[in-house]
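Dear colleague,

Please find below the structure that I am handing over to you. I would be grateful if you kept it open while reading the notes that come after it.

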Protein chains: 2
Amino acid sequence: MDATPMRTELPRAVASGKREQTKILNRQLILDAARQVFAELGYGATTVRDIIRATPLASGTFYNYFKSKEEVYQAIRDEVALAIRPRLHDERMKASTVEQFITCTFRTFFEYVSDDRVNFRTIRHAADTTRVRMDTPEVIAGFEELREDIEGAISKGLFPPVDPDMLMASIVGVAFEVAERMLRREPHDPAGAADFATALFLGGVRALPHAQAPELPAQDSVTSNAA
Amino acid sequence: MDATPMRTELPRAVASGKREQTKILNRQLILDAARQVFAELGYGATTVRDIIRATPLASGTFYNYFKSKEEVYQAIRDEVALAIRPRLHDERMKASTVEQFITCTFRTFFEYVSDDRVNFRTIRHAADTTRVRMDTPEVIAGFEELREDIEGAISKGLFPPVDPDMLMASIVGVAFEVAERMLRREPHDPAGAADFATALFLGGVRALPHAQAPELPAQDSVTSNAA
DNA sequence: CCGGAAATTGACGGCGTGTCATGGGTCGGT
DNA sequence: ACCGACCCATGACACGCCGTCAATTTCCGG
């Protein structure tokens with residue numbers, strides 16, 4: 001809230017001693033260098049030495065901050081996940097209809113991806129010919145949160161009682177794959193991508209097999225497999 | 001066509017000289033070893049040395065067959081893609097309704113994944129905590145084929161005129177992500193997964209924005225940014 | 001049976017990895 | 001202002017992997 005330094009004996013909240021300051025600085029130095037090197041060489045070809053060389057630090061210092069290049073990658077990826085996850089959750093909490101729930105999820109995601117293409121290109125451009133997607137624990141936690149939100153929406157009667165796990169998986173799959181295509185086109189059209197995905201799911205959810213709904217009036221299509 | 005050996009001086013079709021036989025054998029030796037080592041150590045941790053050590057061959061020999069561990073990985077992955085791609089294409093060619101088109105795509109894919117979990121687990125179990133998916137050129141070609149099939153289906157009036165690229169991306173995303181969840185559950189239920197995905201797209205496609213329809217009545221939302 | 005082509009072998013130089021003893025810089029107490 | 005304790009950056013080191021290549025073995029055709 002207040003940006004005014006209190007000038008008490010406890011300025012810890014922002015950056016306590018010089019010790020901790022350089023610690024934060026160095027960490028950021030490494031992360032920034034990594035982002036650049038990953039983008040330049042690709043994740044697979046990058047070595048810890050490449051990262052540290054793009055930094056004024058010595059090789060040993062790297063290991064005071066990260067165990068490996070993979071951990072650096074995770075940190076970068078988690079940064080993104082931590083930035084976007086609360087936004088998505090908040091938006092979904094505000095939703096009072098299926099349409100709002102779905103549309104805000106996709107819109108927020110695609111807009112973020114479009115804005116943050118620095119990070120995102122870094123992340124996607126991994127090897128030469130092959131595309132790669134790595135899901136870090138933080139990202140997976142985001143998926144779980146989506147599933148929980150879906151479960152909540154179902155119990156509030158907002159969604160029909162579909163399989164939340166499968167629906168989550170589908171949304172995730174469409175989000176990432178469509179985002180990829182969106183980034184390939186110029187100019188980026190996050191709104192168009194969101195409209196596409198939203199329409200798909202809005203139409204689709206209605207047709208989805210209802211999981212644990214025993215007292216339904218005669219269903220005509222699907223529903224052949226009631227587990 | 002004919003499997004009968006002609007007994008001429010040219011039995012090349014099956015396995016000509018000892019030279020070529022061992023060449024095929026060695027290649028297979030390396031691929032098998034790689035499958036095992038990848039599954040055991042994970043892709044990231046595996047070294048070319050690990051692979052060659054799981055083989056009676058010498059280190060130098062490896063490079064007569066593959067440039068790197070990545071190329072081995074591609075070969076394994078491409079093996080799968082080459083096995084499944086024609087099947088998918090054939091099934092889709094037989095489809096005369098949207099429902100058939102979509103359902104056969106998912107059913108074939110999920111059944112294959114479920115059967116072939118040896119390869120698939122190998123492929124997915126890449127690092128320790130992180131999940132990865134690598135799309136090799138052969139796999140990407142499969143995606144392109146799907147897009148072309150969608151375009152064909154649209155021009156035959158089977159599909160409404162949606163954006164084929166985006167629809168392809170969505171199908172791919174759902175297929176892989178739902179497959180992942182399917183493999184996590186015991187027992188595997190490829191039919192259930194296919195029903196879910198099919199229902200989603202059957203309902204969704206109808207609701208999708210129609211791409212190249214210029215004579216639309218007043219558009220209210222979107223379309224603000226016409227390049 | 002022999003000469004040449006093709007493929008295998010394993011040792012080698014170069015490099016990345018992760019560790020550790022060393023030393024310089026920082027902090028809290030006096 | 002000074003000092004001792006502590007923390008952490010440093011870069012050399014031992015080890016292992018990488019990709020290559022000359023020497024050698026294996027195979028083929030004549």
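The notes below cover the chain, a helix pair and the surroundings of a DNA strand.

This is a predicted model, in which local features need pLDDT of at least 70, side-chain atom pairs count only at pLDDT 80 or more, and totals for chains, interfaces and linings use all residues. Residues are numbered from 1 along each chain as its sequence is written, while chains are lettered from A and ligands numbered from 1 in the order in which they are written.

Chain A contains 10 helices and 1 strand (DSSP runs, numbered from the N terminus: H or I of at least four residues for helices, E of at least two for strands). Their order along the sequence is α-α-α-α-α-α-α-β-α-α-α.

In chain A, helix H6 (residues 98–115) packs against helix H9 (residues 164–184) at an angle of about 35 degrees, the axes being 10 Å apart (axes are lines fitted to C-alpha atoms over the stretch in contact, and angles run from 0 to 180 degrees between N-to-C directions). Among the residues that meet are Phe106(A) and Phe109(A) of H6(A) and Ile171(A) and Ala175(A) of H9(A) (contact: C-beta atoms, placed from the backbone, within 7 Å).

Around DNA strand D there are 20 residues, of which Ala58(A), Gly60(A), Gly17(B), Thr47(B) and Gly60(B) come nearest (near: C-beta atom, placed from the backbone, within 6 Å). Helices H2 and H4 of chain A and helices H2, H3 and H4 of chain B each supply at least two residues of this surface.

Yours sincerely

Key. Contact = placed C-beta atoms within 7 Å.
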